[in-house]
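Subject: Structure for you to look at

Hello,

Here is the structure I said I would pass on. My notes on it follow below.

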Amino acid sequence: MVLNYYGEGGFRLQSGDLSLLIDPPNNRLKGDVVLRTSVSSDFVPSRDEIGFPGEYEFKKIEITGWQILSETTEKLVKTVYLVKWDEMNFVFLGKITKVPPIEVMENLDGSRMMVFLPISGGELISAKEAAEVVKQLEPDVVVPSFYQDPKDFLKLLGQEPKFQEKLVFKSKDFENKKNEVVLLKVS
């Protein structure tokens with residue numbers, strides 16, 4: 001599997017000919033399935049674009065989304081997703097502004113887990129709260145988004161910055177990892 005970062009909350013996971021695009025920062029990027037963690041309430045989903053909570057299946061990808069009620073308004077719906085694909089679990093927290101409620105966090109577990117979360121603070125979750133989420137979920141791998149300088153977040157997790165162009169991995173690569181932070185350069 002190959003993981004690329006496109007800035008902000010935009011990622012692409014690709015396994016063979018199948019790709020999953022998460023919160024693309026522009027319309028030029030294409031994926032077989034597109035997940036949007038934050039959409040306007042009048043968003044019209046399509047067969048290959050998901051923006052609301054629920055259970056979905058696309059080829060070999062299982063997707064479950066939970067609405068973050070405390071961050072949803074009349075005009076905006078925020079959803080957290082758990083994606084099960086190639087014997088791995090991917091958690092996309094999107095543009096959260098605080099630690100998700102316990103009833104959502106309880107659903108986000110599993111082995112061979114990679115968590116994607118913002119770490120910038122400001123209008124999004126702070127580095128301290130992001131570290132709290134990581135400690136609660138205990139994923140194998142953490143992939144930060146929406147960051148300019150990750151040093152505060154890394155310090156809280158006791159890690160040094162190591163940037164990569166992209167991440168190429170298999171399910172077995174998750175063995176013996178715990179809360180390992182992977183920083184990706186924008187593609």
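Asp173 is partly exposed, with a relative accessible area of 33%; partly exposed lies between buried, under 20% relative accessible area, and exposed, over 50%, using a 1.4 Å probe and protein chains only. This is a predicted model, in which local features need pLDDT of at least 70 and side-chain atom pairs count only at pLDDT 80 or more, while totals for chains, interfaces and linings use all residues. Residues are numbered from 1 along each chain as its sequence is written, and side-chain values use heavy atoms, with hydrogens and water left out.

Asp173 sits in the loop between β14 (167-168) and β15 (180-181). Helices (H or I, at least four residues) and strands (E, at least two) are DSSP runs, numbered from the N terminus. From Asp173 to Phe163 the C-alpha to C-alpha distance is 18 Å, for a separation of 10 residues in sequence. Lys177 is found in the loop between β14 and β15 and is partly exposed, at a relative accessible area of 28%. Leaving aside neighbours within four places in sequence, Lys177 is in contact (heavy atoms within 4.5 Å) with Asp140 and Val141.

The open sheet

β14 belongs to an open sheet of 6 strands, ordered β6-β4-β3-β2-β1-β14, with mixed pairing. Two strands are taken to pair if DSSP finds at least two bridges between them. β6 (49-50) and β14 are the edge strands, each pairing on one side only. Strand β4 (residues 33-35) and β6 run parallel and are joined by 2 bridges; the bridge partner of Val34 in β6 is Glu49.

Strands around β9

Strand β7 (residues 54-58) runs antiparallel to strand β8 (residues 61-67), with 5 bridges between them. Tyr56 has Ile63 in β8 as its bridge partner. β7 and β8 form a hairpin with 2 residues between them, and Lys59 in the turn has a positive phi of about 50°.

β8 is joined in turn to strand β9 (residues 76-85) by 6 bridges, and these run antiparallel; Gln67 has Thr79 in β9 as its bridge partner. Strand β5 (residues 38-40) pairs with β9 in the antiparallel sense over 3 bridges, and Ser40 stands opposite Leu76 in β9. β9 is also joined to strand β10 (residues 88-92), again antiparallel, by 5 bridges, with Leu82 opposite Val91 in β10. The hairpin of β9 and β10 has 2 residues between the strands, and Asp86 there takes a positive phi near 50°. β9 is mostly covered, with 8 of its 10 residues buried.

Core and helix α2

A nonpolar core is a set of buried Ala, Val, Leu, Ile, Met, Phe, Trp, Tyr and Cys residues joined through side-chain atoms within 4.5 Å. The largest one has 57 residues, of which Leu3, Phe90, Leu108, Met114, Phe153 and Phe169 touch the most other members. Helix α2 (residues 127-137) gives the most to this core, with 6 residues. Not counting residues up to four places away in sequence, Phe90 touches Met1, Leu13, Tyr81, Leu82, Val83, Trp85, Met114, Phe116 and Phe169.

Which residues of α2 are buried? They are Ala127, Ala130, Ala131, Val133, Val134 and Leu137. They lie on the same side of α2 because they cover an arc of only 155° around the axis, the arc being that of the directions from the helix axis to the C-beta atoms. Their cover includes α1 (102-105), β11 (113-118), β12 (141-145) and α3 (151-156). Just after α2, Glu138 takes a positive phi of about 50°.

Cavities

A search of the whole structure finds 2 cavities of 30 Å³ or more. On a 1 Å grid over the protein atoms alone, a cavity is a set of points where a 1.4 Å probe fits but cannot get out, and lining residues have an atom within 4 Å of a point. Grid points are joined across faces, edges and corners, and a volume is the space filled by probe spheres set on the points. The largest cavity has a volume of about 50 Å³. Its lining consists of Gly9, Phe11, Ile22, Asp23, Phe92, Gly94, Phe116, Leu117, Pro118, Ser145 and Phe146, and β11 gives the most to that lining, with 3 residues.

Regards

How values were computed: 1 Å grid on protein atoms, 1.4 Å probe; cavity = no way out; pocket = protein on both sides within 12 Å on 5 of 7 lines; lining within 4 Å.
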